[in-house]
Amino acid sequence: MSLTLVALGSAVELNFPLTTFTLPNGLQVAVVEDHANPLVSVQLWFRVGSRNESYGITGISHVLEHMMFKGTRKMKSEEYSQTIQRWGGMDNAFTSEDQTAYFSEVPKARLKDILEIEYDRVANAVFREFESELNVVREERRWRTENSPEGSLYELLRATAYIAHPYHHPVVGWMSDLENLTLEDVERYFHTYYVPNNMILVVSGDVTPEEVRPLVEATFGKLPRRPDPPPVRTREPEQEGLRRVELKREGFASYVALAFHIPEGKHPDLPALTLLAHVLTDGKSSRLYRYLVKEKTVAIDVQGWVEQQLDPGLFVLWVAVQQGHTPEEAESLLFQALEDLQNHPITERELEKAKNRNMANFVRRYQSVVSKGMLVGTWAILDRPEAALAWPKKIQAVSLEDVQRVAQTYLLRDQATVAILRAVPPKDMNAFMKKMKEASQKRFRR
Amino acid sequence: MAAVLTMSAGPFPIHRFTLSNGLPVIYAQKTDLSLTVLRLVVYAGKRDETDGKWGLANLTAEMLTEGTKNRTSDEISEEIEFLGAQLGVDAGIYTTQVTLNILTSQLEKGLQLTSDLLQNPTFPDSELSKLKERIISSLQESLNDPDQVLDEAFRRALYDHHPLARPEEGTPSSIRALTRQDLEAFHRMFYSPRNAFLAVVTNLPQEELKHLLEKTLGSWKGDSVEHRALPPLPSHTSPRVVLVPMKVNQAFVALGHYGVRRTDPDYPRIRLMNYILGGGGFASRFFRIIRNKMGYAYSVYGYFMPGYKLPGYYLAGMQTKVETANDAIQELIQVMKSFQKEGPTEDELRDAKSFYEGSIPRQTETYGQILGALVNEQLYGLPDYYWIKEIDLMQGYSRKEILETARTYLHPDRLVLTLVVPPDFTFDVPSFKDVKVEVWDPRDLLNWEE
């Protein structure tokens, strides 16, 4: 399958042959061919993430991801990554709300070997060094969230926008859960969700479906089918009225974040919402950048994005407030600009620019075998693998009316969650420093 | 020796030519996409700043897209963004780099615009004053981020008052003092095709590319430029400890010392040595001991950042729990010291060589990766396909040679240690027991005296 993108009046050919098949045990397999380099990426995607978690075990999907590197009945802890590095490859993993994904990139000659060790990792997992790894995860939470003002604000924004649905919980989990999780919790979770009928295997690179299939059958084909994991029952109730939340931090930077509820990732309004995000915040010529940063000079940067998820997601706007201005000034200008959008539709040129940027990004972004596999895996979770290739056409088909309609439908004040990070100047730096100096002098007197 | 070099021409041909205006071009053709990425490297950076005009190179670069004789700031962003292109400008110690990433069908328009930015910037006052405030604001906001504060503190603790420690953006007061005339003079002085080079990766064949470059950039004229040399680095013979208090609940740790230049013949063996010690992710000793065995940190790493005209630095770092931070630092230094005593094991060395050899095809998979390799070749004067040749060299090193490399290039006895920690932290690391501890106010990181 070759994918033709039309960008700026010219066709861009992308070679993106995709083959899918399903094994009797329910495992979905997607093969992406790319023969430009002698490389292959093998990716394991599980339909499980913080979306499947409840109070008491938040963060468990991500902890399990860490534990999957702790060896098998045949391999020692971390031997998996060390083996891949010995081959000249790389590997990593990530957990999000909807999925847990493991990916590697190795020389093509290692196709059989990598499938074997990936299979071994799922079939024969042994969770060693649990307590020490839990320490590592707690450090990760402190680093990424607690010591990052923006990370803390993002956590608060989501926890406020979602009150019932598990998207309320941060992917990394709440600290008290990370202090109390047990190995038994993790093992039970593993057996529930890491089953072939809840998994997608993506093989991308210098391979053919014909050579991949028997290798997959001989390995992952041996996993027995298990009961399907329980569905997520909770739905987010409709939001009635604006929600506001504030985080105060000693420091020097203030931010305003806005979130609006939007439909699930495969909903037909998502392409228009994606283009709307381009129009509002993508680049220095975008509407909000021009208005807040250049014209009113209340912000140093504006970002916006669509969280395209399995269950209804969010449209997020994120503003870094310029020194000398307040978050409230930025917030009020943001709402003004959104109101203006309801009354002054975007222009033909704005829409065309958004499409050009989206298409060019697509070409730029999916160059490596890892990124091509990621694209297919992401869509396999959201919808189905082939949807990855249908997306550019859906973007092309968006009309001015569509963008106007989604702006009027979803970006409503009463549907907004406003989260403010207010910087308060550090209280008493001199006392701080005096105390510290004294403490470090003392040690000489011992 | 491994047989990786049997492909005598390398994975793709590399060509060099010079435009009629004297601009050297290094180019590789890659045909799987209709995509072009190019980087114009102008030799103009913070080393060229004089008389307290700190931040001038950066401000000049950032202002290139804020107005020309033919286009306003808004017209520039509108035009480039409509083309779906990405245009980035970045000023460093020695160079200013303009990077364009664009569909080849739009390349001519993108080049015309780039050419206008280079030749006709007007640095309009209205945009200048706004941009200055944005830069100053983001400098202040960087004090919120412990990783950035650590970075800044480490550079200053290492280089002291040497220009290499000076923030590339300058300081709030130096930025405020810069004028349009300063920018015009800096631009006139340094932005010249004979003080620059261009690296290109595109699907276009050479003749077509040459024609397009002549047509768009050919009108850019100028002479070669003399640069002043940076002063030598201050000498470091004893350890140093700097604590920066912030409201954090972890200790952010960076320790290190001077390193080497990119062109140092020992650079490949240093990389190999460092892979085993701290650069090799899951396979490194730092990771195995500090993260996996002790559970001290999520991320722990070490790297040699090579320098261009002056030696770069070695930096090892982590974020770790406050209560055990002193132990974690001591352990990290212990790992360095024992590595210097015993060197790598046979297995470690074999695995590291095998990693590099197998990684060759992953190094030039994308247009951007190839561009990066071409820029390095040209900037540092490295041979064609240096990334393969250096890996070939690595295959020959013995355990003894890597041990000697560790002994020569690691200096655990004269480390510069910087920590961002909560104010109630008490520093107590045995390796530094006789070292006077300095405590820095993070707000002072916005000031600069040379």
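Before you start: contact means heavy atoms within 4.5 Å. Also keep in mind that this is a predicted model.

**Exercise 1.** Find how many residues of chain A are in contact with chain B, and what area is buried between them.

*Solution.* Start with the contacts: 82 residues of chain A meet 85 residues of chain B. Next, take the area buried between chain A and chain B, which is about 7300 Å². Carbon and sulfur atoms give 53% of that area.

**Exercise 2.** Work out which polar and charged links join chain A and chain B.

*Solution.* First, count the salt bridges between the two chains: there are eight. Now check one of them, Glu66(B) with Lys284(A). Their closest N and O atoms are 3.5 Å apart, and the cut-off is 4 Å, so the pair qualifies. On the side of chain A that touches chain B, helix H4 (residues 130-146) gives the most, with 10 residues. That side of chain A has 31 nonpolar, 24 polar and 27 charged residues.

**Exercise 3.** Decide whether Ala277(A) is buried or exposed, and describe its surroundings.

*Solution.* Locate Ala277(A) in helix H9 (residues 270-281) of chain A. Its relative accessibility is 7%. Buried means under 20%, so Ala277(A) counts as buried. Now list its contacts, leaving out residues up to four places away in sequence: Asp282(A), Gly304(A), Trp305(A), Val306(A) and Phe315(A). Finally, take Val306(A): 29 residues separate Val306(A) from Ala277(A) along the chain, yet their C-alpha atoms are 7.0 Å apart.

How values were computed: Residues numbered from 1 in each chain as written. Chains lettered and ligands numbered in written order. Predicted model: local features only at pLDDT ≥ 70, side-chain atom pairs only at ≥ 80, totals over all residues. Heavy atoms only, no water. Buried area = accessible area lost by both parts, 1.4 Å probe. Salt bridge = Lys/Arg side-chain N within 4 Å of Asp/Glu carboxyl O. Polar contact = N/O pair within 3.5 Å; in protein donor to acceptor, adjacent residues only side chain to side chain. Helix = DSSP H or I, 4+ residues; strand = E, 2+ residues; numbered from the N terminus. Nonpolar A, V, L, I, M, F, W, Y, C, P; charged D, E, K, R; others polar. Buried < 20%, exposed > 50% of the residue type's maximum accessible area, 1.4 Å probe, protein only.
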